[in-house]
Amino acid sequence: MTADTLASPIPTLGRGHKFRFDQVRGAWVILGPERMFVPDEHAVEVLKLIDGTRSVDAIAADLAARFAAPAEQIRADVQTMLADLASRGAVKL
Amino acid sequence: MMAPPPLGLIAELTHRCPLSCPYCSNPLELERASTELDTETWRRVLDQASAIGILQIHFTGGEPLVRRDLPELVRHASALGLYTNIITSGVTLDDRAMAALTSAGVDHIQLSFQDSDAAGNDMIGDSRGAFAKKQAAAARIRQAGLPLTVNFVVHRENVARVPQMIDMAEALHAERTEIAHVQYYGWGLVNRAALLPTRAQLEAATEAVEAARLRLAGRMVIDYVVPDYHAARPKACMGGWAQRFINISPSGRAMPCHAAETLPGFVFPSVRETTLSDIWHKADAFLRFRGTAWMREPCRSCDRREIDWGGCRCQAFALLGDLTATDPACELSPDHGVMQAAVRESGPGAYVFRRIEKARVT
Ligand code: SF4
Ligand code: SF4
């Protein structure tokens with residue numbers, strides 16, 4: 001483990017938020033206080049990996065391996081996406 | 001065409017409440033305890049809600065905590081994967097109630113305050129000692145690790161204290177604060193003259209909210225609901241008639257919004273006899289104003305018709321006696337003048353407090 005991964009934050013779902021699959025809509029949804037939204041497919045892949053133990057870097061590495069994509073690019077995308085979800089309260093960084 | 005599934009179920013478990021707020025949006029004819037749905041029926045309703053795609057359950061009232069079976073209903077809803085929200089005045093949220101709700105898996109609690117100080121709070125709720133109990137309830141919600149929304153209903157008498165209300169919410173470590181101007185339905189409409197703020201009061205409150213939003217960005221979300229009476233366009237009431245919510249009264253009548261029972265010429269189906277699926281997809285009360293087909297001018301050709309859905313049907317009826325009229329909150333309504341007249345006629349006055357004695361015996 002490098003110093004870099006150690007410093008990478010571990011995201012969790014925001015307090016009072018749930019992320020689950022809705023059978024009726026056939027879609028993943030985020031539920032929170034007085035709100036609900038349907039994350040896009042990229043966000044869904046990231047959210048599925050949030051388990052309170054994986055860091056942002058670990059999530060990016062996992063996705064880069066699975067989709068055979070350039071790691072740096074994926075890491076930047078994951079960071080932007082998590083920052084966006086965090087600004088809406090759905091994720092804590 | 002099948003309507004998309006509803007998002008939320010508003011479960012008015014009871015009209016009983018220890019407080020007596022003169023702006024309560026409950027109907028003037030409050031339903032009595034003896035007419036309330038039993039636990040078994042509510043469990044069945046929750047099963048059906050989950051099956052038709054409802055995602056969030058809002059347990060409300062009256063005061064939902066007066067129902068002993070609230071923890072059981074929360075547990076049932078949670079097990080179905082539904083997001084559970086309790087809207088409470090907090091005065092009976094003691095240690096035992098908090099522990100029962102936490103272990104039942106409640107997701108979120110919205111706690112109402114009537115003012116930022118004890119005198120104002122206990123006067124408007126007509127209940128001495130309520131403020132201190134609410135403060136204790138807020139602390140319990142925090143200790144349980146649950147997200148907290150603090151709600152303030154504002155009106156002529158307390159609107160000047162919006163900054164103090166926000167400070168209080170911050171001190172309580174709330175994630176969200178709702179500053180909601182009174183909506184003029186039910187008891188609120190009866191007390192409109194005494195409750196309506198002046199335009200200057202409204203503008204000062206709006207400025208205070210905007211300043212606080214900047215200061216607290218990233219720490220606390222502030223939701224702000226304005227009164228229609230100083231507005232140029234109406235609100236999309238309930239996100240549009242029968243577009244997002246099903247509201248169930250304590251006795252089991254299903255309506256697109258809690259104020260709808262004032263409307264004439266409707267038969268609201270009961271969950272005792274009808275499934276939520278049939279209610280949502282087939283009941284006349286839900287189909288009648290869903291979408292835009294029912295509209296007349298100026299709504300029919302307006303480019304906002306799918307944004308605000310012509311405003312609130314209950315307000316059109318309450319103020320104009322016409323269910324299909326454009327909401328008079330809209331400047332484009334030929335009857336917009338009734339809103340300004342109400343503002344002119346408002347001023348300090350005595351309240352009619354919400355009382356259950358007026359209740360219908362059925
Ligand atoms: S508005 Fe006041 S009286 Fe009405 S239900 Fe809420 S706390 Fe009770
Ligand atoms: S005319 Fe009707 S649709 Fe247009 S803004 Fe007014 S209320 Fe909304």
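In chain A, strand E2 (residues 18-22) and E3(A) run antiparallel and are joined by five bridges. Helices (H or I, at least four residues) and strands (E, at least two) are DSSP runs, numbered from the N terminus. Two strands count as paired if DSSP finds at least two bridges between them. Across this pair, Arg20(A) stands opposite Val29(A) in E3(A). The two strands form a hairpin with four residues between them, and there Gly26(A) takes a positive phi near 65 degrees.

Before I go on, note that this is a predicted model: local features need pLDDT of at least 70, side-chain atom pairs count only at pLDDT 80 or more, and totals for chains, interfaces and linings use all residues. Residues are numbered from 1 along each chain as its sequence is written, chains are lettered from A and ligands numbered from 1 in the order in which they are written, and side-chain values use heavy atoms, with hydrogens and water left out.

Back to the sheet. E3(A) also pairs with E4(A), in the antiparallel sense, over three bridges. Here Leu31(A) stands opposite Met36(A) in E4(A). Put together, three strands of chain A form an open antiparallel sheet in the order E2-E3-E4. Which strands stand at the edges? They are E2 and strand E4 (35-37) of chain A; each has a single partner strand, so one side of each is left without a neighbour in the sheet. From one strand to the next the twist averages 30 degrees.

Now two helices of chain A. Two packed helices are described by the angle between their axes and the distance between the axes. The axes of helix H2 (residues 41-48) and helix H4 (residues 71-87) of chain A come within 11 Å and cross at roughly 85 degrees. Axes are lines fitted to C-alpha atoms, for helices over the stretch in contact, and angles run from 0 to 180 degrees between N-to-C directions.

Contact means heavy atoms within 4.5 Å. H2(A) contributes His42(A), Ala43(A), Val46(A) and Leu47(A), and H4(A) contributes Val78(A), Met81(A), Leu82(A) and Leu85(A). By class, this contact has seven nonpolar, one polar and no charged residues. For the classes, Ala, Val, Leu, Ile, Met, Phe, Trp, Tyr, Cys and Pro count as nonpolar, Asp, Glu, Lys and Arg as charged, and the others, Gly among them, as polar.

Chain B next. An open sheet of nine strands runs in the order E7-E6-E5-E4-E3-E2-E1-E8-E9 (chain B), with mixed pairing. Its edge strands, each pairing on one side only, are strand E7 (221-225) and strand E9 (254-255) of chain B. At the E7 end, strand E6 (residues 176-181) of chain B runs parallel to E7(B), with five bridges. Ile179(B) stands opposite Tyr224(B) in E7(B).

Two helices lie across strands of chain B. Helix H5 (residues 130-143) of chain B lies across strand E4 (108-113) and strand E5 (148-154), at about 160 degrees to E4(B). Helix H6 (residues 162-171) of chain B lies across E4, E5, E6 and E7, at about 165 degrees to E5(B).

A residue is near a ligand if one of its heavy atoms lies within 4 Å of it. A cis peptide bond, with omega about 10 degrees, joins Gly61(B) and Gly62(B).

Pro298(B) is one of the residues around ligand 2, which include Cys299(B), Cys302(B) and Cys330(B). This shell divides into six nonpolar, two polar and four charged.

Last, confidence. pLDDT is the predictor's confidence in each residue, from 0 to 100. Its mean is 87 for chain A and 91 for chain B. In chain A, pLDDT stays under 50 over residues 1-5; in chain B, it is below 50 over residues 358-362. For the complex, the predictor gives an ipTM of 0.83 and a pTM of 0.90.
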